[in-house]
Amino acid sequence: MMERARRALENAREHGADALIVQSAPNRRYLTGFTGSEGTIVITSEGVHLLVDFRYVEQAKLQAPGAHVQMYRREELWAKVAEALAAAGARRPGFEAEHVSWARWRKMVESLPEGVEAVPVTGAVERVRAVKDAGELELIRRAMRITDEALAAVLPEVRPGVRERELALRLEWEMKRRGAEGTAFDFIVASGPRSAMPHGVAGDRALERGDFVTFDIGARYQGYCADMTRTVILGEADERQRAIYDLVLRAQEAALAAVRAGVRASEVDAAARRVIADAGYGEAFGHGLGHGVGLDVHEAPSLNARSEDVLEEGMVVTIEPGVYLEGWGGVRIEDSVVVTAAGYELLTFTAKDLMIL
Ligand code: ZN
Ligand code: ZN
């Protein structure tokens, strides 16, 4: 059987399932290579079934040669799922508890034959996805490189009078020119007091001299995401701006120094949080330190105080502390790294010294 699917099924068994039904798009793509907008995967001890409608039969056969591709007509889906389950003697199919809507869950429960009970499963595929293989790392490195290059191309245009939205569009343009298929998320370009909003998506504000400008950006390349943040200053930096920037940078470097396979994600979070709290700004760092990056820009593992995840070799994670002061502004610095046995491989190469443009 396809290795990724075999491991996902193994994880599902820990939840008491004897098969796994997968319908979320990134998980579908990860397990089989199929990129269509609709499709249902049924993993049983016998193999991987990919059920698609008429639109996707040819594409599914091309993209997912390891799966048993079958076409279904409207209203036939659950009968086909039941067939696949029955062929393997499965009676407790797991479903993706975090991705199935209430309406779809009801339809599934009503449609499965008597004696077959759907079991909620969380993270079965996501846990496999958290550790990247060499091919995935290559695509992620490429997405990150495109992101670095796009920012370098646009920085000369960051000046008073330019609107956040224009810069976001220019960044997207530079990424697509370099082979990106799109953006990994809606870019954050947050200037002046707006930089105090950790997720201040680019708006209509025109940049002013003395502004902090936070760019949180990432390209998507063959499905894989990049994620990085840089905060720059326009014109000149005052003392407080320099001090806060320096504080966030020290916190970010302390966290990076803590990254290594076998370390608890919560410890890496604590390494950054300690630096910021010691300076008296603990309350101003109100979000987690980072997250995994892959087919989704936010995926397993989680790096925050409550996380129970342990870093493993091959995970790709972000390290992104910030300090946000309402009415004044904020600073975030975010790098993405691959976790290694000895530490990490840096994926973000844009410099981190305070840039005054
Ligand atoms: Zn980001
Ligand atoms: Zn991030």
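Predicted model: local features only at pLDDT ≥ 70, side-chain atom pairs only at ≥ 80, totals over all residues.
# Notebook: rings, strands and a helix

I began with charges over rings, and I noted that Arg4 lies over the face of Tyr30, at a distance of 4.1 Å from the ring centre.

**Overall form.** I then stepped back to the whole protein, in which I found ten helices and 20 strands. For 357 residues a compact globule would have a radius of gyration near 21 Å, and the protein has 23 Å, which agrees. Along the principal axes I read a span of about 70 × 40 × 35 Å for the C-alpha trace. I noted that 54% of the 357 residues count as buried, and that the protein exposes about 15800 Å², of which carbon and sulfur atoms supply 49%. Among contacts with a separation of 6 or more, I found that 66% come from residues 24 or more positions apart.

**Aromatic pairs.** How many aromatic pairs does a search of the whole structure find? I counted three, and I wrote down two of them in detail. Phe34 belongs to the loop between helix H2 (25-32) and strand E2 (40-44), while Tyr56 belongs to the loop between strand E3 (47-52) and helix H3 (57-63), so the pair ties together parts that are 22 residues apart in sequence. Both Phe34 and Tyr56 are buried.

Another pair is that of Phe212 and Trp328, again edge-to-face, with 5.7 Å centre to centre and 80 degrees between the planes. Since Phe212 lies in strand E9 (residues 212-217) and Trp328 in the loop between strand E16 (322-325) and strand E17 (329-332), this pair ties together parts that are 116 residues apart in sequence. Phe212 is buried, with a relative accessible area of 2%, whereas Trp328 is partly exposed, at 24%.

**Strand E2.** E2 and E3 form a hairpin that has two residues between the strands.

**Helix H4.** In helix H4 (residues 77-87) I listed several buried residues, including Leu77, Trp78, Val81 and Leu85. Which elements do the buried residues of H4 pack against? I found strand E1 (19-22), E2, E3, strand E4 (68-71), strand E5 (93-96) and helix H5 (102-111). Just after H4 I noted Gly89, which takes a positive phi of about 70 degrees.

**Ala254.** My last entry concerns Ala254, which has its place in helix H9 (residues 239-258). Is Ala254 buried or partly exposed? With a relative accessible area of 26%, Ala254 is partly exposed. Leaving aside residues up to four places away in sequence, I found that Ala254 touches Ala271 and Val275. From Ala254 to Arg306 I read 19 Å in space, C-alpha to C-alpha, for residues 52 apart in sequence.

How values were computed
Residues numbered from 1 in each chain as written. Chains lettered and ligands numbered in written order. Heavy atoms only, no water. Phe/Tyr/Trp six-rings, centres within 6.5 Å; stacked < 30°, edge-to-face > 60°. Helix = DSSP H or I, 4+ residues; strand = E, 2+ residues; numbered from the N terminus. Buried < 20%, exposed > 50% of the residue type's maximum accessible area, 1.4 Å probe, protein only. Lys NZ or Arg CZ within 6 Å of the ring centre and 35° of its normal. Rg over C-alpha atoms; globule rule 2.2 N^0.38 Å. Contact = heavy atoms within 4.5 Å. Areas by Shrake-Rupley, 256 points an atom, 1.4 Å probe, with all protein chains shown as cover. Pairing = 2+ DSSP bridges.
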